[in-house]
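Please look at the sequence and the 3D structure, then read the points below.

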Amino acid sequence: MRGMMGKVLIVDLTTGTMEEKAIPEETYRDYLGGVGLAVRLLTDMIPVGADPLGPGNALAFMSGLLTGSGSMMTGRWMVCCKSPLTGGWGDANCGGTFSPEIKRCGWDGIIFRGVSPKPVAFVADENGPRLVDASAWWGMDAIESEDAIKASWSGKKKPAIATIGQAAEKLSLISGISNDGGRYAARSGVGAVMGSKRLKALALAGSKPIVCADPARVRDLSKAFAAKIGKLKLPKVFTGAFMPLLGKMLGLKVVVPVDGILASAILKKWGTIYNNTAGLVNGDSPVRNWGGSVKDYGASRYRSVNPDRLRERESKKYNCFSCPIGCGGICDATGTGAAGKHMHKPEYETCCAFGALVLNDDLDTIMLCNDICNRSGLDTISAGTVVAFALECYERGVITKEDADGLELRWGDSGAIVELLRMMAERRGLGDLLADGVAIAAKRLGKGAEELAVHAGGQEPGMHDGRMDPMMAVSFAADPTPGRHTISAGVYYNVSHLWEYVSWAPKVTKPYPKSKEYAASDEETLKSVAGACMKQLLDATGGCLFALTTGLQHWRFFDWLAAATGDARTPDEWMEAGRRIQTARAAFGARERLADEGKAWSRNYSLANPRIYGDPPLREGPLAGKTVPLAEMVVRYRREFGWDEDSGAPRPETMRTLGLSVHS
Amino acid sequence: MKVRVYVPPFADPRAIDDDGFVELADGATLGALLKRLRIPLRPLAATFCLVNYERAGVGHRLADGDTVSFFSLLPGG
């Protein structure tokens, strides 16, 4: 397929050997690239029932179909494997500069199998691919090791580097993989898989051209999009102090269609932290381990996370590859206690996970937690959720001061929060018990701790409340990578304009009552399914979710696909590929969970902690009284996909229809 | 003429058709549209919206097919 490199590199870390594998055209046609290509290849490569931290698991670093084609906001890289956290399909993705470099090295993906006898790094440059001894870098944090690799680099071109920190080396199941000095593919426990393989880093500096079918058309589309983004300017009244009012307005009983490209002006100014205070007043942000509300973290406290306060610390903007928005930033870390002078600006997820979720209102502490996570490799969403869990366990006597090595784990206690996080990163004392996420920690603790462990299918959910956005709750529970906030949600769907392209996608063109979203209806189900299929297209092509949320009428994704590949299929047909990828991810998880029964690494979790869907509902705050009929919504979602309504395993007839192999 | 609108939650949605358009008399102004949508403080409200992604005042004459969008957050996500 045009736009792709035609092959992947498979590296056996046990033997140190490498082979290139050519990808048949029909595989590209059916699975595209990125997550799609990975699920097709890894379903065959990973032995059924393999230990996710053993040599049988494979770890794929994938670029996207559109990456490097000249299209905009399509530079994300995806990392895929069997998840040690959930037991099913695992993937995570990240922006930065790493993805195009995979293709410039000549491959659509680099897949690692086996376990190296000693720490190694994978290098590809003008001298070709090779493994180098990484013993000197093992034990360094992710940012330190990236700097050390850069310092030792003698190649002509600067490399793009992905690394892991100590938490991943110590196999924390909530660890991720860093690039560009602390931007993360954080979810699904992908860092632990990399650590288990003793693979410290990848350093890529390629020069191969990425050829697409109609570069002039791609360029024209890109110029038009960049021009639209470029001229957007927010009125001066849009200050951080204004965000709670705006957030409150959007928490009203009416949902209005939003012209997403105008919302991207807000992203341009602040990045995701625009939601720091708005999310609290409208109920989007979970508070106090999902058991509280803005009543527990009121204006006098949430003012500390006013996005302007972080923006004041931003010394420069940060754009991922091919992105004209630049929601990232580099912040001055002076006075926070961080290990370096600068850090990537904390995302909204991080601000919430180490802010309202743990009732901490000290911005320096949030920044320090960001730094600890970015260096050690802990996923900030999961790590903040674990801290919140531990605080509530302490409050209820499940964890004692003695268990916590003398720490008094009180809500909002900055010192205790930071120290507990360090203990997790280093797997020290109670931190060792907590370092694999709340689901495993709760099992280890017993004493009723499971009730306090907020996860979906074993993974801590993103910082967006399913009681506010029921589609988000469905996604948390029913996606093959549960707990992810980026898969499918009402808010993303409503700005996507997918219905203008996809014949079966329900139309959202005029205001409607919010109560409609709480009904398990055919329309809401179709929106969930369409959102999930679209997300798989994003992850197959390297597309950014924030590009989709500008609206497809602006971000001309399907036109770029046609121009880059020369493939004239319709949006409905592209969406069929998304449906195939989503079903293949589900099939992988179903196969593995069945095969893992009784094994030490078996994961068999309920759909979601009831707090996620409001059972019982909150008593106060903007989401008071809200309950999502999650079980019924999940049944409908699975039925629509053609999956078994109870287990979520794709039905044999669905597999056959989509051309997927049926596993016994 | 018809213009595509993306309105704030306090607007009166009754004027909006199923495709998200409002029908107006030819040559109607932005101010007239805001009035039709029962949006208060119209001169101020106009600073929160764009016509075809450009700033415009209440006196701006709209044309068939224009897009009038209010700045908004993504509520969540």
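In which helix of chain A is the place of Thr27(A)? Thr27(A) belongs to helix α1, residues 25-31 of chain A. The model is a predicted one, in which local features need pLDDT of at least 70 and side-chain atom pairs count only at pLDDT 80 or more, while totals for chains, interfaces and linings use all residues. Residues are numbered from 1 along each chain as its sequence is written, and chains are lettered from A and ligands numbered from 1 in the order in which they are written.

**Chain A as a whole**

- Chain A has 26 helices and 17 strands; helices (H or I, at least four residues) and strands (E, at least two) are DSSP runs, numbered from the N terminus.
- Along the principal axes, the C-alpha atoms of chain A fill a box of roughly 55 × 55 × 55 Å.
- Of the 664 residues in chain A, 64% are buried. A residue is buried if 20 or more other C-beta atoms lie within 10 Å of its own, exposed if 12 or fewer, and partly exposed in between, with C-beta atoms placed from the backbone.
- Among contacts in chain A between residues at least 6 apart in sequence, 73% join residues at least 24 apart. Two residues are in contact if their C-beta atoms, placed from the backbone, lie within 7 Å.

**Thr27(A)**

- Thr27(A) has 16 other C-beta atoms within 10 Å and is therefore partly exposed.
- Thr27(A) and Met249(A) are 222 residues apart along the chain, and 47 Å separates their C-alpha atoms.

**A sheet in chain A**

- Three strands of chain A form an open sheet in the order β14-β15-β16, with antiparallel pairing. Two strands pair if DSSP finds at least two bridges between them.
- The edges are β14 (314-318) and β16 (342-344) of chain A, each with a single partner strand, so each has one side without a neighbour in the sheet.
- On average, neighbouring strands of this sheet are turned by 20 degrees against each other, direction ignored.
- Four bridges join β14(A) to β15(A), residues 328-332, in the antiparallel sense.
- Opposite Glu314(A) stands Cys331(A) in β15(A).

**Helices α15(A) and α18(A)**

- Two packed helices are described by the angle between their axes and the distance between the axes.
- Helix α15 (residues 380-395) and helix α18 (residues 438-445) of chain A pack at an angle of about 30 degrees, and their axes are 10 Å apart. Axes are lines fitted to C-alpha atoms, for helices over the stretch in contact, and angles run from 0 to 180 degrees between N-to-C directions.
- α15(A) and α18(A) are therefore roughly parallel to each other (angles under 35 degrees count as roughly parallel, over 145 as roughly antiparallel, 65 to 115 as roughly perpendicular and the rest as oblique).
- The contact involves Thr385(A), Val386(A), Phe389(A) and Cys393(A) from α15(A), and Val438(A), Ala441(A) and Leu445(A) from α18(A).
- By class, six residues of this contact are nonpolar, one is polar and none is charged. Ala, Val, Leu, Ile, Met, Phe, Trp, Tyr, Cys and Pro count as nonpolar, Asp, Glu, Lys and Arg as charged, and the others, Gly among them, as polar.
- Six of the eight residues of α18(A) are buried, including Ile440(A) and Ala442(A).
- The buried residues of α18(A) pack against α15 and α17 (430-434) of chain A.

**Helix α19(A)**

- In helix α19 (residues 470-478) of chain A, nine of the nine residues are buried, so the helix is largely enclosed by the rest of the structure.
- Its buried residues include Met471(A), Val474(A) and Phe476(A).
- The cover over the buried residues of α19(A) includes α20, α21 (522-541) and α25 (630-641) of chain A.

- Chain B has two helices and five strands, in the pattern β-β-α-α-β-β-β along the sequence.
- Of the 77 residues of chain B, 36% count as buried.
- The C-alpha trace of chain B spans about 40 × 25 × 20 Å along its principal axes.
- 36 residues of chain A are in contact with 21 residues of chain B.
- On the side of chain A that touches chain B, α9(A) gives the most, with four residues.
- That side of chain A has 23 nonpolar, seven polar and six charged residues.
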